[in-house]
Amino acid sequence: MKTSAVNLEAMKEFGVAGFEAARSLSELNLRTWEKLLEKQAETFGLFADAGVELVKATSEAKEIKDLVAAEMSVAKQFGENVAAKSREAVQLTTEARDDYRSWIEQGFETFSKQVSQSVKVA
């Protein structure tokens with residue numbers, strides 16, 4: 001039968017492991033959100049750049065066909081840029097999914113080891 005000291009030590013180990021898991025999860029969340037916010041800011045920059053280009057085209061166009069051609073060019077470039085940012089965001093979320101899966105697997109592994117050690121002491 002386990003003594004109180006052994007029980008307290010096991011509880012301490014579970015507590016430390018739980019704290020470490022929570023800390024690593026918060027770091028993972030922070031890194032993921034920073035990357036997502038960066039992509040969002042880059043995408044917003046694309047909107048701003050396209051707006052500036054449209055204003056520039058409107059002010060410089062001498063004929064309607066020039067304006068339409070400039071608008072089509074800006075729209076095409078904008079669409080390509082947004083599609084590229086979307087692919088980057090998908091890649092980022094895939095990496096985040098893998099990181100979260102790894103975190104969960106590591107947590108289960110740590111928990112299983114601690115339970116096994118606790119059972120051996122009993």
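Q: Which helices each supply at least two residues of the lining of the largest cavity?
A: The model discussed here is a predicted one. A cavity is space where a probe fits but cannot get out. In this structure, helix 1 (4-60) and helix 2 (64-121) each contribute at least two residues to the lining of the largest cavity.

Q: How many cavities of 30 Å³ or more does the structure hold?
A: There is one cavity of 30 Å³ or more. The space in the largest cavity comes to about 50 Å³.

Q: Which residues line the largest cavity, and how do they divide by class?
A: The lining consists of Leu28, Arg31, Thr32, Lys35, Leu92, Glu95, Ala96 and Asp99. Sorted by class, three of the lining residues are nonpolar, one is polar and four are charged.

Q: How much space lies in the largest pocket, and what lines it?
A: A pocket, in contrast to a cavity, is an open set of points. Here the largest pocket has about 240 Å³ of space. Its lining has 14 residues, and Ala17, Ala21, Gln106, Gly107 and Thr110 are those nearest the centre. Helix 1 and helix 2 each provide at least two residues of this lining. Six residues of the pocket lining are nonpolar, six are polar and two are charged.

Q: What does the secondary structure of the protein come to, and why is the protein described as more spread out than a compact globule?
A: The protein has two helices and zero strands. Its radius of gyration is 27 Å, whereas the globule rule gives 14 Å for 122 residues; the value is well over that figure, so the protein is more spread out than a compact globule. Along the principal axes, the C-alpha atoms fill a box of roughly 90 × 15 × 10 Å.

Q: What part of the contacts with a separation of 6 or more comes from residues 24 or more positions apart?
A: Residues 24 or more positions apart make up 84% of the contacts in the protein that have a separation of 6 or more.

Q: Is lysine 39 buried or exposed, and which residues does it touch?
A: Lysine 39 belongs to helix 1. Because the cut-off for burial is under 20%, lysine 39 counts as buried at 18% relative accessibility. Setting aside residues up to four places away in sequence, lysine 39 touches Glu88 and Leu92.

Q: Where is glutamate 88 found, and which residues is it in contact with?
A: Glutamate 88 is found in helix 2. With a relative accessible area of 32%, glutamate 88 is partly exposed. Apart from neighbours within four places in sequence, glutamate 88 contacts Lys39 and Glu42. The C-alpha atoms of glutamate 88 and serine 73, which are 15 residues apart along the chain, are separated by 23 Å.

Q: What can be said of the setting of tyrosine 100?
A: Tyrosine 100 lies in helix 2 and is partly exposed, at 24% relative accessible area. Neighbours within four places in sequence aside, tyrosine 100 is in contact with Leu25, Leu28, Asn29 and Thr32. Among these contacts, Leu28 and Thr32 also line the largest cavity.

Notes
Residues are numbered from 1 along each chain as its sequence is written. This is a predicted model: local features need pLDDT of at least 70, side-chain atom pairs count only at pLDDT 80 or more; totals for chains, interfaces and linings use all residues. Side-chain values use heavy atoms; hydrogens and water are left out. On a 1 Å grid over the protein atoms alone, a cavity is a set of points where a 1.4 Å probe fits but cannot get out, and a pocket is an open set with protein on both sides within 12 Å along at least five of seven lines; lining residues have an atom within 4 Å of a point. Grid points are joined across faces, edges and corners, and a volume is the space filled by probe spheres set on the points. Helices (H or I, at least four residues) and strands (E, at least two) are DSSP runs, numbered from the N terminus. Ala, Val, Leu, Ile, Met, Phe, Trp, Tyr, Cys and Pro count as nonpolar, Asp, Glu, Lys and Arg as charged, and the others, Gly among them, as polar. The radius of gyration is taken over C-alpha atoms; the globule rule is 2.2 Å times the number of residues to the power 0.38. Contact means heavy atoms within 4.5 Å. Buried means under 20% relative accessible area, exposed over 50%, partly exposed in between (1.4 Å probe, protein chains only).
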